[in-house]
Protein chains: 2
Amino acid sequence: MIYKFYGDKQKGTDMELLKNRILKDGKIIGDSIIKVDSFLNHQLDVELFNEMGKEFRLRFQDEAVTKILTVEASGIAIACIAAQYFKVPVVFAKKHEALNIDADTYHSEVYSFTKQKSYNIRVSKRYISAEDHVLIIDDFLANGKAASGLVDIVQQAGATVAGVGIVIEKGFQKGREVLLQRGIRIESLAVIQSIGSDTIVFG
Amino acid sequence: MIYKFYGDKQKGTDMELLKNRILKDGKIIGDSIIKVDSFLNHQLDVELFNEMGKEFRLRFQDEAVTKILTVEASGIAIACIAAQYFKVPVVFAKKHEALNIDADTYHSEVYSFTKQKSYNIRVSKRYISAEDHVLIIDDFLANGKAASGLVDIVQQAGATVAGVGIVIEKGFQKGREVLLQRGIRIESLAVIQSIGSDTIVFG
């Protein structure tokens, strides 16, 4: 059971439906991990995803998005549901070597704190071109490594980044700062400012 | 360029829109691989996925599906879009190299011919229960290893399998036979009977 506690910055644009769901079903592990695998990244509440997709569309309505880019695996679900509101295709960066992947790819090395190792994310050069205006979508923003890697890929293609859409941002980690320094716009549906043993503070 | 050639069994229920897309955009590699990453498993045509989702709903309309199960990564996109028509959550099995296994997961070892190695697919016990009637969805059916692993997981949970919904079945491999021997119903949106250097025969 997580008790509701809203911080000073609650007047932001956090999505209430999502925040309430995090409070109801999120599980706190330690002082920095919030586990939301009952609705976001193992079991997927597609109805909630539709509300999130509409919200992303609303927030990026001023951007002429031509493609949504994400990274496997959890990001794919959110990106696909959101893409219905943008009416554009999704491209997902692959994390693993496979025989049936193109040799000709854009790629970036990403360090995962969760898995404590680096991996390459790759996108075939055929699926992002210089004309694209790309919205990057992912489930979490923490240290910004995955999102930065996706920005690298868009820039390698000579395309432009419309912004980064995040479901849950860990506001106490440096992902936002990293992306802002690169001039990237970030829209997070819920920003967690801190996690206590039985509290989550949004802001 | 792939020339159209329909085999004797064309009168089946293959989905025309999908078959035409495979003929238009699929790339033949060797005598058994058809690459469809421009619309199915790297870049994702979400509009086409919606038509596939409706078709799965139509074919399984007699089943009281409570959950859709798939496996990361490509399956997630199709499962999520289809889930909108069934109005049920999606659960995706996670892939890990065969090492230690969580006590609280259902799991099955799957051999990948593409990657030439075995891995474990795992689902938390919290997300499939004995009351569930599970529709399994995946992008490809070839040797049936992944689909069989997903059936294992459903059965470990004491749940029932509503069936297996596949986008592209390689009819010249033994996946269908493997699943039929287990009493599992299969609905494939396109069945490829053979692949030549510049022909695809559906059936």
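Sixteen residues, stated as 16, line the second largest pocket, and those nearest its centre are A:Ala83, A:Lys87, A:Val88, B:Val46 and B:Glu47. Two or more lining residues come from each of α3 (74-86) of chain A and, in chain B, β4 (43-44) and α2 (46-59). The model described here is predicted. Chain B can be superposed on chain A with an RMSD of 0.3 Å, through a turn of 180° and a shift of 0.0 Å along the axis. This is the relation of a two-fold axis.

**Second largest pocket**

- The volume of the second largest pocket is about 260 Å³.
- Its lining comprises seven nonpolar, five polar and four charged residues.

**Relation between the chains**

- Of the interface residues of chain B, 94% are also interface residues in chain A, so the copies meet through the same surface.

- In chain A, the loop between β3 (33-35) and β4 (43-44) holds A:Asn41.
- A:Asn41 has a relative accessible area of 12%; the residue counts as buried because this value is under the 20% cut-off.
- Beyond its neighbours within four places in sequence, A:Asn41 contacts A:Val36, A:Ser74, A:Asp139 and A:Phe140 in chain A, and B:Phe92 and B:Lys94 in chain B.

**Helix α3 of chain B**

- Helix α3 of chain B covers residues 74-86, which number 13.
- From the first C-alpha to the last, α3(B) reaches 19 Å, close to the 18 Å expected at 1.5 Å a residue.
- The helix is mostly covered, with twelve of its 13 residues buried.
- Among the buried residues of α3(B) are B:Ser74, B:Gly75, B:Ile76, B:Ala77, B:Ile78 and B:Ala79.
- Also buried in α3(B) are B:Cys80, B:Ile81, B:Ala82, B:Ala83, B:Gln84 and B:Phe86.

**Strand β2 of chain B and B:Lys27**

- B:Lys27 belongs to strand β2 (residues 27-29) of chain B.
- B:Lys27 and B:Ser197 are 170 residues apart along the chain, and their C-alpha atoms are separated by 9.9 Å.

Methods
Residues numbered from 1 in each chain as written. Chains lettered and ligands numbered in written order. Predicted model: local features only at pLDDT ≥ 70, side-chain atom pairs only at ≥ 80, totals over all residues. Heavy atoms only, no water. Helix = DSSP H or I, 4+ residues; strand = E, 2+ residues; numbered from the N terminus. Buried < 20%, exposed > 50% of the residue type's maximum accessible area, 1.4 Å probe, protein only. Contact = heavy atoms within 4.5 Å. Expected span 1.5 Å × (residues − 1). Least-squares fit on C-alpha atoms with pLDDT ≥ 70 in both. 1 Å grid on protein atoms, 1.4 Å probe; cavity = no way out; pocket = protein on both sides within 12 Å on 5 of 7 lines; lining within 4 Å. Points joined across faces, edges and corners; volume = space filled by probe spheres on them. Nonpolar A, V, L, I, M, F, W, Y, C, P; charged D, E, K, R; others polar.
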